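Open the model in your viewer and keep the selection panel at hand.

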Amino acid sequence: MDLFKKCYDFTRADEVKALGVYPYFRPIEENEGPVVKIEGKKVIMAGSNNYLGLTAHPKVVEAAKKALEKYGTGCSGSRYLTGTLDLHIELEERLAKFFKSEAVLLFSTGYQTAQGVIPTLVLGRSEYVISDKDNHACIVAGNLMAKGASANFVRYKHNDMEDLERVIKKIPKDAPKLIVSDGVFSTGGEIVELPTLVRVAKENNARIMLDDAHSVGVIGKGGRGTASEFNLEDSVDLTMGTFSKTFASLGGFVSGPERVINYIKHFSPALIFSASPTPASVASALAALDILEAEPERVNKLIENANYMRKSLKAKGFNVLEGRTAIVPVIIGNDNIALQMWRILYDNGVFVNVFVPPGVPEGRQMMRTSYMATHKKEHLDEILHIFEKAGKALGLI
């Protein structure tokens, strides 16, 4: 058998392209935030994670330009050796203050952060990482790396605290444990049942890490994320996140106790053997943090926009998942109809993300819409108008 046989046998993407409904890898030519140019035409963006609309903010763009002029395009080394700038230290200190934590450590991507933290902390034969079944792929990768280092990896049903309790009680109580969960789940937009998770952790000698990629800038006081949302900042041990959403940049971070962050800094291969975040990326994230702190009303506007769309799409007859975050999933339930829906929306000037298996379970195919603080009411009403047109054409409403 040839190792590449599976590559040549994979034709599904080609078949979808031939039908004219392939929705992926569409190059964006211009980005104004709520409106982008794709294939020469302006479309309303209703699928971005640019939650506060800061990727085109003049202060963020200017910060990136100044960093390029001062530091150049890259660091040409890892944080451990020649790749630490004063910018990295400044952002770590600012984020620690923002999250009211002892320390923060930056990574080059959000995906890499999970791989840099989980297997660094959970690596012994008697240690366990306990993970929500629907956690982001970066957490799954980190879990598997921990398992590869001889640790134990177990899962519990999605956001099901009874199942978490069932799973954790099968583990020796004195065994070191790390419970890992998304704060806001990236596909459905649900918020973790944190108060119960905290109780279970305390009763079973477990530490907690949350992935707040889709939480920061969205929920919590001033957009401080999931622990803040539930007033449980002192009960969550570690919070990881990304700069590719609210912070309008690229990179990742983990916040927590200084001694734990110091340990990760000196033992994490993902940190030690990777080039550090670029100057422009860090400067952009710093500028975005400035804006978030100075203009917390952006968080309120974001949720106001998402709530308006959730309520209005439901009123038109769509099957919309309940929630209170920036993510508003519209369930379609069929691959072909979902792809046709995407095409009609796109042709009429709206871009959304279409999720089909294996990205979602069978029957849960969806238009994964998400909103920004910078969407104006005319943008939202136009999205609703085109959704209604597509829904009627496909017999969904």
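Contact here means heavy atoms within 4.5 Å. The model is a predicted one.

**Stop one: a helix pair.** Select residues 110-121, helix α5, together with residues 258-267, helix α10. Their axes lie 10 Å apart and the packing angle is about 100 degrees. That angle makes α5 roughly perpendicular to α10, because values from 65 to 115 degrees count as such. Now show side chains at the interface. Which residues of α5 meet α10? They are Gly 116, Val 117, Thr 120 and Leu 121. On the α10 side, the partners are Val 260, Tyr 263, Ile 264 and Phe 267.

**Stop two: α14.** Select residues 335-347, a helix of 13 residues. From first C-alpha to last, α14 reaches 18 Å, close to the 18 Å expected at 1.5 Å a residue. Colour Ala 338, Leu 339, Met 341, Trp 342, Leu 345 and Tyr 346, the buried residues of α14. They cover an arc of only 155 degrees around the axis, so they sit on the same side of α14. Then move to the start of the helix, where a side-chain oxygen of Asn 334 comes to within 2.9 Å of the backbone nitrogen of Asn 336. Just after α14, select Gly 349, which has a positive phi of about 100 degrees.

**Stop three: α15.** Select residues 377-393. The end C-alpha atoms of α15 are 24 Å apart, in agreement with the 24 Å that 17 residues should span at 1.5 Å a residue. Buried residues in α15 include His 379, Leu 380, Ile 383, Phe 387 and Gly 391. Finish on Gly 395, which follows α15 and has a positive phi near 75 degrees.

Conventions. Residues numbered from 1 in each chain as written. Predicted model: local features only at pLDDT ≥ 70, side-chain atom pairs only at ≥ 80, totals over all residues. Heavy atoms only, no water. Helix = DSSP H or I, 4+ residues; strand = E, 2+ residues; numbered from the N terminus. Expected span 1.5 Å × (residues − 1). Buried < 20%, exposed > 50% of the residue type's maximum accessible area, 1.4 Å probe, protein only. Arc of directions from axis to C-beta. Polar contact = N/O pair within 3.5 Å; in protein donor to acceptor, adjacent residues only side chain to side chain. Axes fitted to C-alpha atoms, helices over the stretch in contact; angles between N-to-C directions. Parallel < 35°, antiparallel > 145°, perpendicular 65-115°, else oblique.
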